[in-house]
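Subject: Structure handover

Hi there,

Here is the structure I promised to pass along.

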Amino acid sequence: MTERFQRHRQPWTHEEIEKLKLLAKKGMALKAISKAMTRSEESIKDRAKLDGIGIAKLR
C-alpha cells in the first residue's frame, strides 16, 4: 500500500526546490527523494519536470 503524506498540495519553498536539485544531482532514485522530502513521488516528478531537473531511473 502506498504511504500517505500529510503535506497534501502544499506549495514548494525555495529550500525544498534546492534540496530536490541537490538530491537529484547526487543520483538518488525517485522513491528515495520522495521519502527524504516527505512528498509524494508524483509531486516530485511534476516539480522536477517543471524545473527541468533529471531524476535517476533505477535499473
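Below is what I found in it, going from the overall fold to single residues.

Before anything else, please keep in mind that this is a predicted model.

**The overall picture**

The secondary structure comes to three helices and zero strands, so the order of elements from the N terminus on is simply α-α-α by the definition of these runs. Of the 59 residues in the chain, 29% are buried. Among contacts with a separation of 6 or more, 59% are between residues 24 or more positions apart.

**The core**

Which residues form the largest nonpolar core? There are eleven of them: W12, I17, L20, L23, A24, L30, I33, M37, I44, A48 and I53. The most comes from α1, with four residues.

L30 belongs to the core. Leaving aside residues up to four places away in sequence, L30 touches E41, I44, K45, I55 and A56. M37, also in helix α2, has a relative accessible area of 5% and is therefore buried, since the cut-off is under 20%. M37 is 14 residues from L23 in sequence, and their C-alpha atoms are 9.7 Å apart in space. Both M37 and L23 are listed in the core.

**How α2 meets α3**

A pair of packed helices is described by the angle between their axes and the distance between the axes. For α2 and α3 the angle is about 105°, and the axes lie 9 Å apart. The range for roughly perpendicular is 65 to 115 degrees, so that is how α2 and α3 are placed relative to each other. On the α2 side, the residues that take part are L30, K31, I33, S34 and M37, and they meet E41, I44 and K45 in α3.

**The loop between α2 and α3**

T38 follows α2 and lies in the loop between α2 and α3. The phi of T38 is positive, near 50°, and this residue is not a glycine. Is T38 buried, exposed or partly exposed? With a relative accessible area of 38%, T38 is partly exposed.

R39 is found in the loop between α2 and α3 as well. Its relative accessibility is 4%, so R39 counts as buried. Where does the side chain of R39 reach? It comes to the backbone oxygen of Q10, at 3.2 Å.

That is everything from my side for now.

Best wishes

Terms used. Residues are numbered from 1 along each chain as its sequence is written. This is a predicted model: local features need pLDDT of at least 70, side-chain atom pairs count only at pLDDT 80 or more; totals for chains, interfaces and linings use all residues. Side-chain values use heavy atoms; hydrogens and water are left out. A nonpolar core is a set of buried Ala, Val, Leu, Ile, Met, Phe, Trp, Tyr and Cys residues joined through side-chain atoms within 4.5 Å. Buried means under 20% relative accessible area, exposed over 50%, partly exposed in between (1.4 Å probe, protein chains only). Helices (H or I, at least four residues) and strands (E, at least two) are DSSP runs, numbered from the N terminus. Contact means heavy atoms within 4.5 Å. A polar contact is a pair of N or O atoms within 3.5 Å; within protein, one must be able to donate a hydrogen and the other to accept it, and residues adjacent in sequence count only if both atoms are side-chain atoms. Axes are lines fitted to C-alpha atoms, for helices over the stretch in contact, and angles run from 0 to 180 degrees between N-to-C directions. Angles under 35 degrees count as roughly parallel, over 145 as roughly antiparallel, 65 to 115 as roughly perpendicular and the rest as oblique.
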